[in-house]
Amino acid sequence: MKEQLTKVTVPTLGGIGWVFARYANLTLGGGSATTAVLHHELLQKRQWLNDDRFTLCYALGRLTPGTNLLAFCTGVGWLLHGLSGAIVALLASSIPCAVIVTALTALFSHWQENAFAQAAGHGAVAAAVAITVKTCWTIAKPHYKGGARVRVALIGATAFPLHVVGGISALQVLLLAAAMGVFLHAGESA
């Protein structure tokens, strides 16, 4: 199924490849930062997806084993251009960064005892946490409105201690949250 577009035509495979090669490989801060950048690029700038489709791909990507970002990119590619879009998005978002990571790993093996390199790593970790928090808000914000605010806050407030304190796996928390979302939505509709 291809995305319902309001302002532009279906993106070309080249366009999909360019977006994912550029933003999935050259965004610093990890998968969360990449997701936030892709949210801006796909929804606000290019209007290739709406919030519901983006959130669906994000949630399904989080439920899949392995690298969640690649699953997310593949899902978006599928929505934009079917199987060929999924393949292009997957390859464009994975091959360039694999080459970059291989080169950086080789450099890090030479710099790992350097105090400046270690200090830079600690600074990057702090920034990555801030970027992750921002990404969470970017994804939750469109759903945190009207009567859904209580539901979103309740699910978030429940999921965090279940995973962090209770040690329940992320997959189990996501499935429980999905069931809780359906239950709370049914209660609001009644």
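Helix axes here are lines fitted to C-alpha atoms over the stretch in contact, and angles run from 0 to 180 degrees between N-to-C directions. The model is predicted. This briefing covers the packing of helix H3 (residues 51-63) against helix H4 (residues 68-111), and the two salt bridges that the structure holds.

**Packing of H3 and H4**

- The axes of H3 and H4 come within 8 Å and cross at roughly 140°.
- An angle over 145 degrees would count as roughly antiparallel, and H3 and H4 are therefore oblique to each other.
- The crossing of H3 and H4 is right-handed.
- On the H3 side, the contact is made by Arg53, Phe54, Cys57, Tyr58, Gly61 and Arg62.
- These residues meet Asn68, Ala71, Phe72, Gly75, Val76 and Leu79 in H4.
- By class, the residues of this H3 and H4 contact comprise seven nonpolar, three polar and two charged.

**Salt bridges around Glu41**

- Glu41 pairs with Lys45 in a salt bridge whose closest N and O atoms are 3.8 Å apart.
- Both Lys45 and Glu41 lie in helix H2 (residues 31-45), where four residues, about one turn of the helix, separate them.
- Arg46 also forms a salt bridge with Glu41, and here the closest N and O atoms are 2.6 Å apart.
- Glu41 has a relative accessible area of 3% and is buried, whereas Arg46, at 22% relative accessibility, counts as partly exposed.
- Through salt bridges that share partners, Glu41, Lys45 and Arg46 are joined into one network.

Conventions:
Residues are numbered from 1 along each chain as its sequence is written. This is a predicted model: local features need pLDDT of at least 70, side-chain atom pairs count only at pLDDT 80 or more; totals for chains, interfaces and linings use all residues. Side-chain values use heavy atoms; hydrogens and water are left out. Helices (H or I, at least four residues) and strands (E, at least two) are DSSP runs, numbered from the N terminus. Angles under 35 degrees count as roughly parallel, over 145 as roughly antiparallel, 65 to 115 as roughly perpendicular and the rest as oblique. A crossing is left-handed if the near helix is turned anticlockwise from the far one by less than a right angle, and right-handed if clockwise. Contact means heavy atoms within 4.5 Å. Ala, Val, Leu, Ile, Met, Phe, Trp, Tyr, Cys and Pro count as nonpolar, Asp, Glu, Lys and Arg as charged, and the others, Gly among them, as polar. A salt bridge is a side-chain nitrogen of Lys or Arg within 4 Å of a carboxyl oxygen of Asp or Glu. Buried means under 20% relative accessible area, exposed over 50%, partly exposed in between (1.4 Å probe, protein chains only).
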